[in-house]
Amino acid sequence: MRQPMTFQQYLAYRKGWPVDCFFEPEELLFSETALAKGLDNLPTTEEWERLKVFLKSLLKPVRILWGAPLLVNSCFRDPEVNELDGGTDTSDHLFQIGGAADLRPLSGTDAAARDLFHRVAENALDAKREPSFDQLILYPERVHVGWRPTGNRKELRRAIKVRKPDGSFEWSWPLVDWEEWKRT
Ligand SMILES: [Zn+2]
């Protein structure tokens with residue numbers, strides 16, 4: 001049985017958050033969905049530890065690479081929030097192994113999101129530097145970065161909205177070939 005922290009416990013744990021990592025815990029725990037539904041979206045102690053590892057291993061280096069503030073659209077999701085957001089039950093947003101964050105450059109433009117996607121991919125794939133990533137997905141205006149402590153696949157995808165026969169939309173995530181991407 002999953003045991004999330006109480007808010008009081010969270011306040012105590014919060015004091016041990018690293019100070020020089022650009023992101024506050026509230027940014028990583030915030031969820032529009034949780035806010036709308038009145039859910040706490042608080043981690044267990046294990047998920048909290050993984051959040052800190054993710055912060056140091058992925059978020060901080062990506063922020064340094066980018067060199068400017070990044071808005072966190074969605075990072076940690078408890079299972080209920082993840083289900084409401086349409087995430088799979090192996091989503092890295094659950095922080096079961098590594099972690100994931102949806103990052104948006106301040107300008108909020110498609111071009112800036114493409115640039116962020118490009119820089120993180122180039123750094124890991126061409127320069128072979130950290131941070132590596134498991135999945136990097138380009139959405140309009142934001143980039144999803146999934147990361148694991150080991151076995152990162154460095155998979156690139158692009159999120160495309162597809163119209164269904166009934167007129168509604170759904171996302172599709174085709175793979176992106178890096179060499180081909182660089183030529184366009
Ligand atoms: Zn995501």
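Author: Helices and strands here are DSSP runs, numbered from the N terminus; a helix needs at least four residues and a strand at least two. By that rule, Phe22 lies in the loop between helix H1 (7-14) and H2. The model is predicted.

Start with the whole chain. The protein chain has 7 helices and 7 strands. Along the sequence they follow the pattern α-α-α-α-β-α-β-α-β-β-β-β-β-α. The radius of gyration is 16 Å, close to the 16 Å that the globule rule gives for 184 residues, so the chain is as compact as a globular protein of that length. Its C-alpha trace spans about 50 × 45 × 30 Å along the principal axes. Of the contacts with a separation of 6 or more, 59% join residues 24 or more positions apart.

Now the sheet. Which order do its strands take? The open sheet has 5 strands, in the order E1-E2-E4-E3-E5, and the pairing is mixed. Strand E1 (70-74) and strand E5 (155-158) stand at the edges; each has a single partner strand, so one side of each is left without a neighbour in the sheet. From one strand to the next, the twist averages 25 degrees. Strands of a sheet pair through backbone hydrogen bonds, either parallel or antiparallel. For E2 and E4 the sense is antiparallel, over 5 bridges.

H4 lies across E1, E2 and E4, and runs at about 135 degrees to E4. H6 also packs on the sheet, touching E2, E3, E4 and E5. The direction of H6 makes about 165 degrees with that of E3.

What does the core contain? The largest nonpolar core has 33 residues. Those with the most contacts inside this core are Leu51, Leu59, Phe117, Val120, Leu136, Val143 and Val145. Elements that give two or more residues include helix H4 (45-66), strand E2 (99-105), helix H6 (110-125), strand E3 (135-139) and strand E4 (142-147). H4 gives the most, with 7 residues. Leaving out residues up to four places away in sequence, Val120 touches Val62, Leu65, Phe133, Leu136 and Val145. Across the chain, 29% of the 184 residues count as buried.

Next, the loops beside these elements. Ala68 lies between H4 and E1. Ala68 has 10 C-beta neighbours inside 10 Å, so it counts as exposed. Pro131 sits in the loop between H6 and E3. The peptide bond from Glu130 to Pro131 is cis, with omega near 0 degrees.

Phe22 has a positive phi of about 70 degrees, although it is not a glycine. With 14 C-beta neighbours inside 10 Å, Phe22 counts as partly exposed. Asn41 lies in the loop between helix H3 (32-37) and H4. Asn41 has a positive phi too, near 50 degrees. With 18 other C-beta atoms within 10 Å, Asn41 is partly exposed.

Last, a hairpin. Strand E6 (residues 160-163) and strand E7 (residues 169-172) run antiparallel, joined by 4 bridges. Val162 stands opposite Glu170 in E7. The hairpin has 5 residues between its strands, and Gly167 in the turn has a positive phi of about 95 degrees.

How values were computed: Residues are numbered from 1 along each chain as its sequence is written. This is a predicted model: local features need pLDDT of at least 70, side-chain atom pairs count only at pLDDT 80 or more; totals for chains, interfaces and linings use all residues. A nonpolar core is a set of buried Ala, Val, Leu, Ile, Met, Phe, Trp, Tyr and Cys residues joined through C-beta atoms within 7 Å. A residue is buried if 20 or more other C-beta atoms lie within 10 Å of its own, exposed if 12 or fewer, and partly exposed in between; C-beta atoms are placed from the backbone. Two residues are in contact if their C-beta atoms, placed from the backbone, lie within 7 Å. The radius of gyration is taken over C-alpha atoms; the globule rule is 2.2 Å times the number of residues to the power 0.38. Two strands pair if DSSP finds at least two bridges between them. Axes are lines fitted to C-alpha atoms, for helices over the stretch in contact, and angles run from 0 to 180 degrees between N-to-C directions.
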